[in-house]
Amino acid sequence: MSLHYPPKSPFQTERRKRLRISIPMGEGKQGALVVEMPNTSNQNPITQLQNKFKELETNFKGWLSKQSLPVEAAVVTATSGLQGAAIGGFMGTLTQDMSSSLPTPPPTANLNPQAMASFQQAQALAGGPLVQARNFAVMTGANAGISCVLKRIRGKEDVQSSMAAAFGSGALFSLVSGMGGPNPVPNALTSGIFFALVQGGLFELGRKFSQPPAEDTHYVRTRSLLSSLGLQNYEKNFKKGLLTDTTLPLLTDSALRDVRIPPGPRLLILDCIQRDPELRKRRR
């Protein structure tokens, strides 16, 4: 058996590696088997890196899902805390100049508790890279860890779990950052409630915009059929005539004509329905 690589043609439109395998056929004859393999060396390095990262991420999530709850919670908290620390360190470089410009009251200054608390809160929000890295690490790590535990225990991820995780992260952020001032516990509760309300609102807002309108749920199969034929412009005709997914097996030429669909698209739609095994079975 011998391997031969044919010379590359300048007119090839797709760069591939061709592997020619010569196979003895008997009586001095040989057959050739040509196998084309993608030339990965010509791929974009950024694309290769992205694919490798996705593969590692998928393998990591698969491994993590098989671990016990304490192990999963610890790993999720640690990784999220590191991400938060990186974000906080970057934010701290931006607020470092702000913290240096804040006036420092002399030790003998008699400031009322409210003014001192406001000053401490300003220092906490305008700390340097190390301070902000610590604050963000606690906040993101606590949020991810609590969410992980609640998801494993409750078996789902909903607005209640999201708000509970946000409350814990907000309270810990207030305690660690020193925003609480002379009354750390009440301020931690206040910060936790604020974080929970914001997170709950964002969760509901994201869920609302991520879901299609109620009427669109009746045209999922119709939209897919029209898109496969390149006739997605006629979706509005189906909606105008109330031709939902349940009416697909019942469609006739006259029904499509009534919603002002031209003859050519009508033929394509009816032919596609006729060739679909599920729709053809329901049509009988």
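**An aromatic cluster and its surroundings**

Modeller: Phe-173, Phe-194 and Phe-195 form one aromatic cluster. Keep in mind that this is a predicted model. A search of the whole structure turns up three aromatic pairs. Take the pair of Phe-173 and Phe-195. Their ring centres are 6.1 Å apart, and their planes meet at 35°, so the pair is tilted.

Where do Phe-173 and Phe-195 sit? Phe-173 lies in helix H5, residues 159-177, and Phe-195 lies in helix H6, residues 184-210. The pair therefore ties together parts that are 22 residues apart in sequence.

Phe-195 is partly exposed, at 23%. The cut-off for buried is under 20%.

Ser-191 is then in contact with Gly-170 and Ser-174.

Now step back along the chain to helix H4, residues 129-154. Helix H4 has 26 residues. From its first C-alpha to its last it reaches 37 Å, close to the 38 Å expected at 1.5 Å a residue. Its buried residues include Gln-132, Asn-135, Met-139, Ala-144 and Cys-148. Just after H4, Gly-155 takes a positive phi of about 75°.

Next, the nonpolar cores. The largest has 16 residues. Which of them touch the most other members? They are Leu-225, Phe-238, Leu-251, Leu-256, Ile-269 and Ile-273. Helix H7 (220-229) and helix H10 (263-275) each supply at least two residues of this core. H10 gives the most, with four residues. A second, separate core has five residues, among them Leu-64, Val-76, Ala-144 and Cys-148. Ala-144 and Cys-148 are also on the list of buried residues in H4.

Look at Phe-238 again. Leave out its neighbours within four places in sequence. Phe-238 is then in contact with residues including Tyr-219, Thr-222, Leu-226, Leu-251, Leu-256 and Ile-269. Tyr-219 has another partner. Lys-239 lies over the face of Tyr-219, at 5.7 Å from the ring centre.

One more serine is worth a visit. Ser-254 has its place in helix H9, residues 253-258. Ser-254 is partly exposed, with a relative accessible area of 34%. Ser-254 and Arg-266 are twelve residues apart in sequence and 9.4 Å apart in space, C-alpha to C-alpha.

Finally, the whole protein. There are eleven helices and three strands. Along the sequence, the pattern is β-β-β-α-α-α-α-α-α-α-α-α-α-α. Buried residues make up 27% of the 284 residues. Consider contacts between residues at least 6 apart in sequence. Of these, 52% join residues at least 24 apart. The protein exposes about 19200 Å², and carbon and sulfur atoms supply 62% of that area.

Notes: Residues numbered from 1 in each chain as written. Predicted model: local features only at pLDDT ≥ 70, side-chain atom pairs only at ≥ 80, totals over all residues. Heavy atoms only, no water. Phe/Tyr/Trp six-rings, centres within 6.5 Å; stacked < 30°, edge-to-face > 60°. Buried < 20%, exposed > 50% of the residue type's maximum accessible area, 1.4 Å probe, protein only. Lys NZ or Arg CZ within 6 Å of the ring centre and 35° of its normal. Expected span 1.5 Å × (residues − 1). Contact = heavy atoms within 4.5 Å. Areas by Shrake-Rupley, 256 points an atom, 1.4 Å probe, with all protein chains shown as cover. Core = buried A, V, L, I, M, F, W, Y, C linked by side-chain atoms within 4.5 Å.
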